[in-house]
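Student: I would like to take a close look at a single part of this model, and then see how that part sits in the whole. Please take me through it with care.

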Amino acid sequence: MEGETTYWQENLRLIFICLAIWFVVSFGFGLLLVEPLNAIRLGGYKLGFWFAQQGSIYTFVALIFWYSTKMNQLDKKYNVEDQ
Amino acid sequence: MDELRLYTWIAVGGTFGLYFFIAWWARAGSTSEFYAAGGGITPLQNGMAIGADWMSAASFISMAGLIAFLGYGGSVFLMGWTGGYVLLAMCLAPYMRKHGKFTVPEFIGDRFYSRTARIVAVICLIIASVTYIIGQMKGVGVAFSRFLEVEYDMGLYIGMGVVFVYATLGGMKGITYTQIAQYVVLITAYTIPAIFISLQLTGNPIPQLGLGSTLADGSGVYLLDKLDMVVSDLGFKEYTTASLGSVEMIAYTMSLMIGTAGLPHVIMRFFTVPSVKAARQSAGYALVFIALLYTVAPAVGAMARFNLMNTIEPAAGQNLVYDERPQWFKDWERTGLLKFEDKNGDGKIQYVADSTTNEMVKVDRDIMVLANPSIANLPNWVIALVAAGGLAAALSTAAGLLLAISSAVSHDLMKGVLMPDMSEKNELRASRIVMTLSILLAGYLGLNPPGFAAGTVALAFGLAASSIFPALMMGIFSKKMSSKAAIAGMCSGLGVTMLYVFQHKGIMFIPGTSFLGGMEPNWFFGISPNAFGSIGALVNFAVAFAVCKVTGPAPIEIQQLVENFRTPHGKIADAHGH
């Protein structure tokens, strides 16, 4: 089985990428790195503050749609679609 | 009757009429329709229904107020209550939809091939849902008493009556279509005042952008900078950097995220869509609809705080004279949620951080959203709309919770455990009876709120985060996870969390029974009881994996079951057909 990736492994890899981004924008930019990021401005927003109260939420929405599209392709590739 | 009350009656009466019409139009005929709307809801519709189901009186009324006073610290609610949907969309919903059952305890019972696991899950679900519902019932009572000036009790009865009609008649099908209407009502009611206020303050009609804009007074100063300056001059923490402490914020955010993903009344919405693909998509749509409110809330919070400070002290040193206070100030004083005490006897209002000289002795956080339109001098029809929106938020969440409770009792306990040979017709009748009883119980608890009402939301999230979420995750991602291990994990996660909450807040929140005291120095790594669900979840995972290592893996047919629900196609072998 070496070298052969399965549907489930590809799914896990996608989830891992998505959750890494999920973690970085919220816990990373919004909480842990908030002080250095606050030195940068986005209009009237301090950047760290913006990630905590706006940016992370927009990223979450984008992540779910991206994952959903990728999974639809994966379902087709492995021919495992439900009707 | 004055103009405001007339408008409010029209808005509330009109929306209630609409909910009744939808309930009659979408009444349920089978258990499948009653529990899961026959699996025929489109992802877009489901997303909207989830939005209304999820956004409760707490999101609509309390959250912006919390943010207004916590500033940056309020971010835990914004990230925590949205981030959970990413976990739902990727880690839970698609596989649980594939498995194709009606309830969360049923999934846990099947996956862990154990009646005990199913019963443990039912207990967690009932405690979490009942504690949650008390808050909704209180919200309904408060909204009626403040805006329509009927008695709190009467308001509660009206709310119970409305939920009773459309929830028992329509089950999941009726509730889903009603929630779609309720979503539209609540999001309109939330954003219209926000747009007005953003325009007034910054000239930008989009609140999300207005919050990052300069003030419209021609000074060229950014709104947030001005707010930072005003609050720190008075001795409060700077708005955009006020933190709750790093560890606390991380633990709190994580608890709310995994608690959200583990709340049964949200998960069961994903059983209403026709396919696995639709389950993933509806999580995305749900978050879009939720984000519409959640990205406006920070603007509402900051602008409400700004307006409040500005009303009391229009320019540094020029404090508002108490006798010249505006009408909204008097209205809220009458409710006791706003209190002034002239400590230095100068007849003016001083609002500062130092509690010895502060004269605004009480500013209840919950009044911010409701008082916001009047503080900003918006027309009466906007205020009427906010009343209808608050009721829509509370009623839609209450209905979803009632359905989760009634399906757990009638489907999991009665049909699943006590009377397996019950006919579908009887099960449908049983679930309607259970739902009626749940409404009566919720109403009773709303009329006689137990002393622990304030702590209950923390408990609901703590329970979901420390028991249900880890069990579902391990059930899906670890094929070998066995029933013994899962039950040991759920019980220890739950136990640790409950112990921590009770030892700091009192056993069942009874004052005086807290054996470690609610004091911050005694908190484990400075983590508050509200944020402890994430630690409980870690304990759950650790115990489960350890027990699994010692007692051995799940049987081979269960591992095949897991293989099966991990891929979208094909049927699940059904042990007890529907």
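Student: Which hand has the crossing of helix 1 of chain B and helix 17 of chain B, left-handed or right-handed?

Tutor: This is a predicted model, in which local features need pLDDT of at least 70 and side-chain atom pairs count only at pLDDT 80 or more, while totals for chains, interfaces and linings use all residues. Residues are numbered from 1 along each chain as its sequence is written, and chains are lettered from A and ligands numbered from 1 in the order in which they are written.

The crossing of helix 1 of chain B and helix 17 of chain B is right-handed; a crossing is given that name if the near helix is turned clockwise from the far one by less than a right angle, and is left-handed if anticlockwise. Helix 1 covers residues 3–25 of chain B and helix 17 covers residues 380–418, and the two pack at an angle of about 35 degrees with their axes 8 Å apart. Here the axes are lines fitted to C-alpha atoms, for helices over the stretch in contact, and angles run from 0 to 180 degrees between N-to-C directions. The helices themselves are DSSP runs (H or I, at least four residues), as strands are (E, at least two), and both are numbered from the N terminus.

From helix 1 of chain B, the residues that meet helix 17 include B:Glu3, B:Tyr7, B:Ala11 and B:Thr15, where contact requires C-beta atoms, placed from the backbone, to lie within 7 Å. Among their partners in helix 17 of chain B are B:Trp381, B:Ala384, B:Ala388 and B:Leu391. By class, this contact has 12 nonpolar, 3 polar and 1 charged residues; Ala, Val, Leu, Ile, Met, Phe, Trp, Tyr, Cys and Pro count as nonpolar, Asp, Glu, Lys and Arg as charged, and the others, Gly among them, as polar.

The chain around this pair has 22 helices and 2 strands, and its C-alpha atoms fill a box of roughly 75 × 55 × 45 Å along the principal axes. A compact globule of 578 residues would have a radius of gyration near 25 Å, and the 24 Å of chain B agrees with this; the radius is taken over C-alpha atoms, and the globule rule is 2.2 Å times the number of residues to the power 0.38. Of the residues of chain B, 57% are buried, that is, 20 or more other C-beta atoms lie within 10 Å of their own, against 12 or fewer for exposed and a count in between for partly exposed, with C-beta atoms placed from the backbone. Helix 14 of chain B is mostly covered, with 13 of its 16 residues buried. B:Ile527, by contrast, counts as partly exposed because it has 19 C-beta neighbours inside 10 Å; B:Ile527 is placed in the loop between helix 20 and helix 21 of chain B.

Chain A, with 3 helices and 2 strands in the order α-α-β-β-α from the N terminus, has a radius of gyration of 17 Å, whereas a compact globule of its 83 residues would have one near 12 Å. Buried residues make up 37% of chain A. Its contact with chain B takes 35 residues from chain A and 42 from chain B, and helix 3 of chain A gives the most to the chain A side, with 16 residues. That side divides into 20 nonpolar, 11 polar and 4 charged residues.

Definitions and conventions:
Contact = placed C-beta atoms within 7 Å.
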